[in-house]
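Hi everyone, thanks for coming. I'd like to walk you through a model, so please have the structure open and follow along as I go.

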Protein chains: 2
Amino acid sequence: MNSMVRFLHHPTSQPCRAVHQFMLEVEIPFEEEVVDLINGENEQQSFKDAYNPTGQVPILRDGDFIVWESAAIASYLNEKYAVPSNWFGGNMQQRATIQQYLHWHSTYLRRGAGAFFYTHFAECIWGKRDYSKEIAKGKHTLDESMELLELWLTKSHYLCGDEISFPDLLGYHELVSHVAGAILVDADWQKYPKTKQWFDTLTTRSHSKTVSEVIMQVGAARLAGHIIPMNRKTSLAKGTEIKPGIPGMAQQQ
Amino acid sequence: MNSMVRFLHHPTSQPCRAVHQFMLEVEIPFEEEVVDLINGENEQQSFKDAYNPTGQVPILRDGDFIVWESAAIASYLNEKYAVPSNWFGGNMQQRATIQQYLHWHSTYLRRGAGAFFYTHFAECIWGKRDYSKEIAKGKHTLDESMELLELWLTKSHYLCGDEISFPDLLGYHELVSHVAGAILVDADWQKYPKTKQWFDTLTTRSHSKTVSEVIMQVGAARLAGHIIPMNRKTSLAKGTEIKPGIPGMAQQQ
């Protein structure tokens with residue numbers, strides 16, 4: 001029996017990249033499986049039954065045990081592998097501050113991903129339409145989130161203190177997608193100098209580039225006008241997505 | 001110096017009620033302060049500077065240490081007071097499953113609150129308008145979430161196993177608001193019998209009623225057509241709210 005954990009992910013997913021980099025940073029041995037989100041493998045009922053009823057990645061399999069949600073996976077691995085305490089906090093207050101960030105992240109920065117998704121992926125899925133409202137909403141959420149990142153990074157070198165923690169990877173990979181898709185450009189960075197400095201520091205880490213290669217290529221392809229065929233249903237833009245069958249909202253599929 | 005923790009909350013907030021009930025259930029001594037959300041006390045810059053830059057409640061103050069986000073607060077208290085292990089998990093897998101729920105909750109069930117908010121509070125804040133799209137979106141998210149609650153409650157008595165845990169309180173208080181505002185009615189419950197049974201079990205707990213009294217009264221007042229004057233900005237309906245200044249979206253204030 002293989003005792004390595006199995007990591008199911010996709011490199012265009014920000015939370016997947018955060019967990020992926022975390023495992024590389026702390027040297028957790030793992031097998032990986034790229035889930036074909038582009039063709040909707042994760043939307044098959046058999047996939048949902050086996051792994052995650054929401055169809056979302058990342059997912060971790062450890063023997064018979066399955067866990068999903070990026071923060072839950074990283075937290076589980078942190079405990080299982082006795083990872084250095086900076087990643088999830090060395091004392092009660094640090095741990096609470098990290099949990100606070102992780103929950104804030106879900107309802108703020110993560111949702112800013114709508115700006116990337118509707119600028120670049122929506123056309124690939126549903127064709128050319130007017131996505132300006134959804135893009136504006138994503139950008140609004142992204143801006144609101146960047147203001148808080150800047151506030152925190154004015155107080156400490158990293159998001160939850162002077163040492164790197166899992167929240168930094170989670171936050172970083174949201175911004176990597178926005179950079180890949182030119183959602184964040186120089187004019188934005190000028191408003192957030194501390195965040196820019198933090199972003200650059202994280203970019204120099206040895207695993208940042210490896211984990212981000214695919215999304216950088218995908219971003220470049222989209223910026224060059226290439227359409228990437230996909231029928232992906234997404235949780236990326238949860239709350240900003242165009243839902244089928246809701247009165248007054250654009251229909252999809 | 002008073003060594004009791006101080007709990008800043010509002011009884012119409014679902015996550016506040018969950019933490020409140022948790023503290024009562026596990027007998028944590030605390031001082032409480034009801035934050036005047038109705039008149040926007042939490043939106044004052046001085047409040048945000050002192051406590052939480054998002055202006056959201058609940059907030060916990062423990063001496064000089066401040067933590068917000070309901071799950072982070074409960075997790076901190078769980079650790080500080082050596083609470084019985086059922087609440088946040090007695091082993092690594094239980095803890096991971098609880099974390100998984102807590103993160104799922106933020107992007108699913110919590111967002112279903114838009115159905116309540118736009119049915120009952122939006123008119124109180126912005127006057128009579130057409131909120132049907134936002135209500136439909138909230139209901140869609142609520143339905144999607146109820147399907148997963150039902151799935152999990154078919155497998156075990158509580159959301160994360162056969163013993164009660166903090167996720168149950170968090171989930172329960174979302175549904176309490178929907179019951180108070182008649183968003184969830186008999187026809188809905190018939191689709192989710194296991195969830196109904198779980199809801200009823202939780203309702204019989206001694207602290208459920210105390211913590212829910214105000215929202216039940218508020219719901220009844222709104223159902224009777226009373227307007228409750230409020231200028232509350234909300235995170236309740238994050239992602240479904242009408243944002244000021246976004247092109248194509250209704251303007252507020």
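Let's start at Asp200(A), which is partly exposed, with a relative accessible area of 34%. This is a predicted model, by the way, so please keep that in mind throughout. Asp200(A) forms a salt bridge with Lys196(A), and the closest N and O atoms are 2.9 Å apart. Where do these two sit relative to each other in helix H9? They are four residues apart in helix H9 of chain A, residues 193-203, and therefore separated by about one helical turn. Lys196(A) counts as partly exposed because its relative accessibility is 27%.

Stay with Lys196(A) for a moment. It also lies over the face of Trp189(A), at 5.5 Å from the ring centre. If you turn to chain B, you can find the charged end of Lys196(B) sitting over the ring of Trp189(B), 5.5 Å from its centre.

Now, more on charge pairs. Side chains of opposite charge can pair when their charged atoms come close. How many salt bridges does the structure hold over all chains? The total is 22. One of these is between Arg110(A) and Glu174(A), with 2.8 Å between the closest N and O atoms. That pair links distant parts of the chain: Arg110(A) is in the loop between H4 and helix H5 (113-126) of chain A, while Glu174(A) is in helix H7, residues 166-180, and they are 64 residues apart. Are these two partners buried or exposed? Both Arg110(A) and Glu174(A) are buried.

Over in chain B, Glu31(B) forms a salt bridge with Arg6(B), the closest N and O atoms being 2.9 Å apart. Here too the pair links distant parts of the chain, with Glu31(B) in strand S2 (residues 30-34) and Arg6(B) in strand S1 (residues 5-9), 25 residues apart. Glu31(B) is partly exposed, with a relative accessible area of 25%, and Arg6(B) counts as partly exposed at 26% relative accessibility. In chain A, Arg6(A), Glu31(A) and Glu33(A) are linked in a network of salt bridges.

Let me zoom out to the domains. Chain A is divided into domain 1, covering 5-80, and domain 2, covering 92-223. Their C-alpha centres lie 20 Å apart. Across the boundary, 15 residues of domain 1 of chain A are in contact with 20 residues of domain 2 of chain A. The size of an interface is often given as the accessible area lost when the parts come together. For these two domains of chain A, the buried area is about 1600 Å², and carbon and sulfur atoms give 66% of that. Which three residues supply more than any others of the area that domain 1 of chain A buries against domain 2 of chain A? They are Gln14(A), Arg17(A) and Gln21(A), and they supply 40%. The count of salt bridges between the two domains is one. As for another charge pair in chain A, Arg205(A) forms a salt bridge with Glu25(A), and the closest N and O atoms are 2.8 Å apart.

Next, two single residues. Gly89(A) lies in the loop between helix H3 (70-80) and helix H4 (92-107) of chain A. It counts as buried because its relative accessibility is 11%, where the cut-off for buried is under 20%. Leaving out residues up to four places away in sequence, Gly89(A) touches Gln94(A), Arg95(A) and Ile98(A).

His103(A) is in helix H4 of chain A, and it is buried, with a relative accessible area of 3%. What does His103(A) touch, not counting residues up to four places away in sequence? The list is Glu69(B), Ala71(B), Leu102(B), His103(B) and Ser106(B).

Last topic: rings. A search of the whole structure finds 42 aromatic pairs over all chains. Among them, Tyr101(B) and Trp152(B) form an edge-to-face pair, 6.1 Å centre to centre with 75° between the planes. This pair links distant parts of the chain, Tyr101(B) being in helix H4 (residues 92-107) and Trp152(B) in helix H6 (residues 132-155) of chain B, 51 residues apart. Tyr101(B) and Trp152(B) are both buried. Back in chain A, ring pairs link Phe116(A), Phe117(A), Tyr118(A), Phe121(A), Trp126(A) and Tyr131(A) into a cluster.

Conventions:
Residues numbered from 1 in each chain as written. Chains lettered and ligands numbered in written order. Predicted model: local features only at pLDDT ≥ 70, side-chain atom pairs only at ≥ 80, totals over all residues. Heavy atoms only, no water. Phe/Tyr/Trp six-rings, centres within 6.5 Å; stacked < 30°, edge-to-face > 60°. Buried < 20%, exposed > 50% of the residue type's maximum accessible area, 1.4 Å probe, protein only. Lys NZ or Arg CZ within 6 Å of the ring centre and 35° of its normal. Domains from an automatic or database assignment. Contact = heavy atoms within 4.5 Å. Buried area = accessible area lost by both parts, 1.4 Å probe. Salt bridge = Lys/Arg side-chain N within 4 Å of Asp/Glu carboxyl O.
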